Amino acid sequence: MQILWFFLAFLLGAGAAPVADEITFLPGLQKQPSFRQFSGYLNLADGKHLHYWFVESQNKPSSDPVVLWLNGGPGCSSLDGLLTEHGPFLIQDDGVTLQYNQYSWNKIANMLYLESPVGVGFSYSDNKKYATNDTEVSMNNYLALKEFFRLFPEFSSNELFLTGESYGGIYIPTLAERVMEDSSLNLQVLLSF
């Protein structure tokens with residue numbers, strides 16, 4: 001009987017976002033959002049865990065593009081972009097309440113905010129070694145992107161855009177070079193600010 005439940009759970013969960021990562025309530029909002037959002041870890045084989053926050057499009061999530069956002073720094077959390085720039089919510093001056101952002105990019109795109117490199121924000125490494133270089137960061141970002149689409153296969157055929165700011169001007173092109181070699185990813189354009 002346990003095997004039957006395992007296969008049933010596997011089949012029901014296949015092809016869908018990870019339920020355990022779904023955010024169903026955000027304190028500080030007067031009204032909870034109508035779109036889905038997820039936060040968790042994209043686990044890499046070498047014991048690195050990149051934190052992500054994924055916000056589905058308010059328009060047509062099944063067909064709207066997936067946009068990866070990387071803040072630069074290096075060392076700046078991409079949650080800065082999410083919560084103070086172009087995410088669906090903006091933290092208010094009281095530090096407690098959130099307001100909806102009328103200019104949110106998720107009005108027309110599925111937004112993936114990735115905290116990179118390992119050691120930034122909530123991202124961490126099991127061995128606590130955080131020295132890195134641009135080549136390693138691009139590989140980790142590529143592997144995290146592949147893991148994202150493994151966990152969210154329903155978005156794997158959507159157009160993919162890569163963008164970021166500041167040191168993202170290094171992160172994005174070095175990641176794009178790897179992504180362009182992978183025909184399973186539907187890369188369209190890369191932008192850095």
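**The cavity**

I began with the lining of the largest cavity: by class, five residues are nonpolar, two are polar and three are charged. For these classes I counted Ala, Val, Leu, Ile, Met, Phe, Trp, Tyr, Cys and Pro as nonpolar, Asp, Glu, Lys and Arg as charged, and the others, Gly among them, as polar. I note that this is a predicted model: local features need pLDDT of at least 70, side-chain atom pairs count only at pLDDT 80 or more, and totals for chains, interfaces and linings use all residues. Residues are numbered from 1 along each chain as its sequence is written, and side-chain values use heavy atoms, with hydrogens and water left out.

I looked up how many cavities of 30 Å³ or more there are. The structure holds one. A cavity here is a set of points, on a 1 Å grid over the protein atoms alone, where a 1.4 Å probe fits but cannot get out; lining residues have an atom within 4 Å of a point. The space in the largest cavity is about 50 Å³. That volume is the space filled by probe spheres set on the points, with grid points joined across faces, edges and corners.

Which residues line the largest cavity? I listed Lys48, Pro117, Val118, Lys129, Tyr130, Ala131, Thr132, Glu136, Val137 and Asn140. Helix α3 (residues 134–151) gives the largest share of this lining, three residues.

**The whole chain**

I found four helices and nine strands in the protein. These are DSSP runs numbered from the N terminus: helices are H or I with at least four residues, strands are E with at least two. From the N terminus on, the order reads α-β-β-β-α-β-β-β-β-α-β-α-β.

The protein has 193 residues, and 45% of them count as buried. Buried means under 20% relative accessible area, exposed over 50%, and partly exposed in between (1.4 Å probe, protein chains only). Among contacts with a separation of 6 or more, 66% join residues 24 or more positions apart. A contact means heavy atoms within 4.5 Å.

**Strand β3 and its partners**

I turned to β3 (residues 66–70). Five of the five residues of β3 are buried. In a regular strand the side chains alternate between the two faces of the sheet. Both faces of β3 are covered: Val66, Leu68 and Leu70 are buried on one side, Val67 and Trp69 on the other.

Which strands pair with β3? Five bridges join β3 to β8, and the two run parallel. β3 also pairs with β6 (residues 110–114) in the parallel sense, over four bridges. Pairing needs at least two bridges found by DSSP. Leu68 stands opposite Leu162 in β8 and opposite Leu112 in β6. Strand β8 (residues 160–164) is mostly covered too, with four of its five residues buried.

Most residues other than glycine have a negative phi, and most peptide bonds are trans.

- The peptide bond from Ser116 to Pro117 is cis, with omega near 5°. Pro117 lies in the loop between β6 and β7 (124–125), and I had already listed Pro117 in the cavity lining.
- Lys128 is not a glycine, yet its phi is positive, about 60°. Lys128 sits in the loop between β7 and α3. Lys128 is exposed, with a relative accessible area of 63%.
- Ser166 also has a positive phi of about 60° without being a glycine. Ser166 lies in the loop between β8 and α4 (168–180).

Notes:
1 Å grid on protein atoms, 1.4 Å probe; cavity = no way out; pocket = protein on both sides within 12 Å on 5 of 7 lines; lining within 4 Å.
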